Amino acid sequence: SVPPEENEDTTEAEALQSPSECACRFRSSYIIVDTETTGLNPHSDKIIQLSAIKYDANGRPVDSFSTYINPGRPIPPSATKINGITDEMVLHAPFAEQICDKFLSFLGDSLLVGYNVTFDLRFLEQTFQSFSGRSYVDVLTIARQRLTLPNYKLETVASSFAFQPKTAFHDALTDCEAVALILCCVAEDLDDWIKVFQPSLPHAH
């Protein structure tokens with residue numbers, strides 16, 4: 001994870017989780033993003049882990065941003081059961097406002113890609129207020145339309161392509177890499193799947 005800006009030392013966790021999965025080609029660079037949260041409601045819950053990997057036009061990972069975020073409140077046991085993130089893990093992590101400028105600068109105006117990514121975008125919009133009107137691609141939609149599987153959980157889809165995570169699923173950086181592998185394997189033209197994010201529209205979990 002990325003420590004607060006005043007401490008730029010690379011941690012052991014960062015070294016172990018440097019992005020390695022290639023994704024698909026596109027006409028420009030794009031960013032795969034994932035969040036882990038304290039719950040499902042972007043108005044009452046908080047982001048506790050945020051990861052983003054930038055890919056060049058050839059689908060190669062060229063940069064990444066990953067950090068735990070201190071939500072300023074205890075993490076519910078129900079959330080920890082899913083993502084494994086504990087209060088101790090975020091105790092010394094930055095607050096969202098401390099990483100806002102750095103994260104938004106990292107994103108620039110790149111196309112955003114993710115898995116059920118409207119969920120992440122709603123939390124990002126609530127947290128950083130800069131995501132309405134952004135272009136995005138939801139890889140869950142691609143998977144549902146192009147693949148025949150028992151279910152379309154990220155773990156199921158990625159595992160069908162023999163993805164071997166460095167950590168458990170529901171680690172934000174690992175989930176980004178899982179999405180990258182799916183993109184590489186389905187080899188879709190992202191232009192065919194681009195939508196514009198509107199926070200007022202309903203979404204499916």
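In this predicted model, Trp193 is found in the loop that runs between helix 8 (172-186) and strand 6 (195-196), where helices (H or I, at least four residues) and strands (E, at least two) are DSSP runs numbered from the N terminus. Trp193 has a relative accessible area of 11% and is therefore buried, a class that means under 20% relative accessible area, with exposed meaning over 50% and partly exposed in between (1.4 Å probe, protein chains only). Although Trp193 and Val137 are 56 residues apart along the chain, their C-alpha atoms are separated by 5.7 Å. When neighbours within four places in sequence are set aside, the residues in contact with Trp193 include Val137, Arg146 and Glu188, contact being defined as heavy atoms within 4.5 Å.

Residues are numbered from 1 along each chain as its sequence is written, and side-chain values use heavy atoms, with hydrogens and water left out. Because the model is predicted, local features need pLDDT of at least 70 and side-chain atom pairs count only at pLDDT 80 or more, whereas totals for chains, interfaces and linings use all residues.

Two of the residues that contact Trp193, Glu188 and Arg146, are themselves joined by a salt bridge of 2.9 Å, N to O, the term denoting a side-chain nitrogen of Lys or Arg within 4 Å of a carboxyl oxygen of Asp or Glu. This pair links distant parts of the chain, since Glu188 is in the loop between helix 8 and strand 6 and Arg146 is in helix 6 (residues 139-146), 42 residues apart. Glu188 is buried, with a relative accessible area of 16%, whereas Arg146 is partly exposed at 47%.

The count of salt bridges comes to 4. Another of them joins the side chains of Lys166 and Glu177 at 3.0 Å, N to O; here Lys166 is partly exposed at 43% relative accessibility, while Glu177 is buried with a relative accessible area of 5%. A salt bridge is also formed by Arg60 with Asp56, the closest N and O atoms being 3.2 Å apart.
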